[in-house]
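This report goes through one protein structure part by part. Please keep the sequence and the 3D view open while reading.

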Amino acid sequence: MAKYAVAIDQGTTSTRFMIFDHKGAVVGTDQKEHEQIYPKPGWVEHDPLEIWQATQDVIKGAISKFNIDIKDIAACGVTNQRETTVVWEKATGKPVYNAIVWQDTRTDKICAELAKDGGQDRFREKVGLPLATYFSGPKIKWILDNVEGVREKAEKGEVLFGNIDTWVIWNITGGPKGGVHTTDVTNASRTMLMNLETLDWDPDMLKVMGIPRAMLPEIKASSEVYGYCKNSGLDGIPMAGDLGDQQGALFGQTCFAPGEAKNTYGTGCFMLLNTGTEPVQSENGLLTTLAYKIGDQPAVYALEGSIAITGALVQWLRDNLKMIEKSTDIEMLAKSVDDAGGIYFVPAFSGLYAPYWKNDARGVIVGLTRYINAGHIGRAVLEATAYQTREVLDAMNLDSGVDLTALKVDGGMVFNELLMQFQSDILGVPVIRPTVAETTALGSAYAAGLAVGFWDEVEDLRENWGIDKEWHPKMGEEERAKLYKGWKKAVTRTFDWVEE
């Protein structure tokens, strides 16, 4: 009998392979970073071949390091940085261009052009998303319009598109030799091309964006057997789970009931609220997205608040300003002062996402005086994550009509005690970290395991969820309101910075 379910977690800055036992505990893991490519201001790319190589490396690394017999593995899932767009040749597996990363803003002109007729929310009812540089559809259009010969090949069905989940599944199930070209509903819902009701590619959206259907993957459930692994160290194992990273975290946090929510602190920050089997249209700048679909059961929807830059701001402080040596040093730097000294750092490096959706915003530090030192900047960097989360939570409360009473959190930044306490303070609700904080990979392992009977029911997974730590608000209401008012004022200073 199988002992493990495994997951490939292909994130924005690194690729991980994680091995989980039946109780959802981590048995083994291996991780590898990949290069961030910045060809021009606002452009962000990855090398898809480097990512595929890293995927193979971490699979083999974890299996050998922890001495795992692959006969003990029930199934493999994938979870991925969403919206990041790859187009490659079907016959060779060679990308026609680097992957265009979700943070990339080069499609701003395409989005502005499409918004001329009907505004930014022109397609929101159909696809749940505003017109923004974030999503895959405009990125595909950019590649078709700008990379020579690709459009002709796309129309003949000679090139394929995928978000990173599709790229990994295609390669791991054979690549040019019979690889399965598929995606799941959660990833498809991030393209601007999938109809929320039919859960299929929308002919009108394809026409508007000028994208041939022949290049698109088949949309499947988040939990079903897509194919079998080859040439990867997992030969013969069913590939059976696929969830965009934030939906993976929602699933791993066992938010299976309408009204349950989680926030993931990674490169960006993403709060998702389960809204049940009907899509809820947002009135307050949130996205309507798919939460998951298990086999032939009805699809479950979510509202999402997406924040572009949170953990990435800490990396920027480390890599660009050299103020810290490693990301974890941020806490010590921030603790060297009692507060942010009256400054706010709004990291609109690639525009503002939820709840504003302003592609023309850019980052600012406001309130600077001679008093400010590196500690204040470090503290303002952490506080920016908490303030942005508060904005999203406020929007979510308005849209859902339900006030969240606690926030389940996960991701790399949840081990930063200072940030978690400030997050609880600025929200005015408890913040809860589970025993397994890397819930993104856990969610896709759960999806894969459910597809092959390693776990029987979604509800069985709740027993695996446990609390590691809770933070409770210590800040008074008056101080909370004053600090937040200052943040809202600071955000307005980022607006309309980029001019044509």
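Predicted model: local features only at pLDDT ≥ 70, side-chain atom pairs only at ≥ 80, totals over all residues.

Which residue in E5 does Asp9 stand opposite? The residue is Thr79.

Strand E1 covers residues 4-10 and strand E5 covers residues 73-80; the two run parallel and are joined by seven bridges. They belong to an open sheet of six strands, whose order is E3-E2-E1-E5-E12-E11 and whose pairing is mixed. The edges are taken by strand E3 (26-33) and strand E11 (223-228). Each of these has a single partner strand, so one side of each has no neighbour in the sheet. On average, neighbouring strands of the sheet are turned by 25° against each other, with direction ignored.

Helix H1, made of residues 48-65, lies across E1, strand E2 (14-21), E3 and E5. Its direction is at about 145° to that of E3. The loop between H1 and E5 contains Asn67. Phi of Asn67 is near 55°, which is a positive value in a residue other than glycine. Asn67 is exposed, with a relative accessible area of 70%.

## A surface patch

Tyr228 has its place in strand E11. Together with Val225 and Val452, Tyr228 makes a nonpolar surface patch of about 240 Å². The relative accessible area of Tyr228 is 47%, so this residue is partly exposed: the cut-off for exposed is over 50%.

## An enclosed strand

Is strand E13, residues 261-265, largely enclosed or left open by the rest of the structure? Five of its five residues are buried, so E13 is largely enclosed. The burial applies to both faces. On one side are Ala261, Asn263 and Tyr265, and on the other are Lys262 and Thr264.

E13 pairs with two strands described here. With strand E14 (residues 269-276), the pairing is antiparallel and has five bridges. E13 and E14 form a hairpin, with three residues between them. Within this pairing, Tyr265 has Cys269 of E14 as its bridge partner. With strand E19 (residues 407-410), E13 runs parallel, and three bridges join the two. Here Asn263 has Val409 of E19 as its bridge partner.

## Salt bridges

How many salt bridges does the structure hold? The count is 32. One of them joins the side chains of Lys153 and Glu89, at 3.4 Å from N to O. Lys153 lies in helix H5 (residues 150-155) and Glu89 in strand E6 (residues 85-89), so this pair ties together parts that are 64 residues apart in sequence. Lys153 is partly exposed, with a relative accessible area of 31%.

Another salt bridge joins the side chains of Glu477 and Arg480, at 2.6 Å from N to O. These residues are three apart in helix H15 (residues 477-492), which means they are separated by about one helical turn. Glu477 is exposed, with a relative accessible area of 54%, whereas Arg480 is buried at 8%. In the salt bridge between Asp104 and Arg106, the closest N and O atoms are 2.9 Å apart. Both Asp104 and Arg106 are buried.

## A network and a buried loop residue

Salt bridges also link Arg82, Glu83, Arg190, Asp245 and Glu304 in a network. Where does Glu83 lie? Glu83 is in the loop between E5 and E6. Its phi is near 70°, a positive value in a residue other than glycine. The relative accessibility of Glu83 is 1%, so Glu83 counts as buried.

## A cis peptide bond

The peptide bond from Ala354 to Pro355 is cis, and its omega is near -5°. Pro355 is found in the loop between strand E17 (344-346) and strand E18 (364-366).

Methods
Residues numbered from 1 in each chain as written. Heavy atoms only, no water. Buried < 20%, exposed > 50% of the residue type's maximum accessible area, 1.4 Å probe, protein only. Helix = DSSP H or I, 4+ residues; strand = E, 2+ residues; numbered from the N terminus. Pairing = 2+ DSSP bridges. Axes fitted to C-alpha atoms, helices over the stretch in contact; angles between N-to-C directions. Contact = heavy atoms within 4.5 Å. Patch = residues over 30% accessible without salt bridge, like charges linked within 9 Å, V, L, I, M, F, W, Y side chains within 5 Å. Areas by Shrake-Rupley, 256 points an atom, 1.4 Å probe, with all protein chains shown as cover. Salt bridge = Lys/Arg side-chain N within 4 Å of Asp/Glu carboxyl O.
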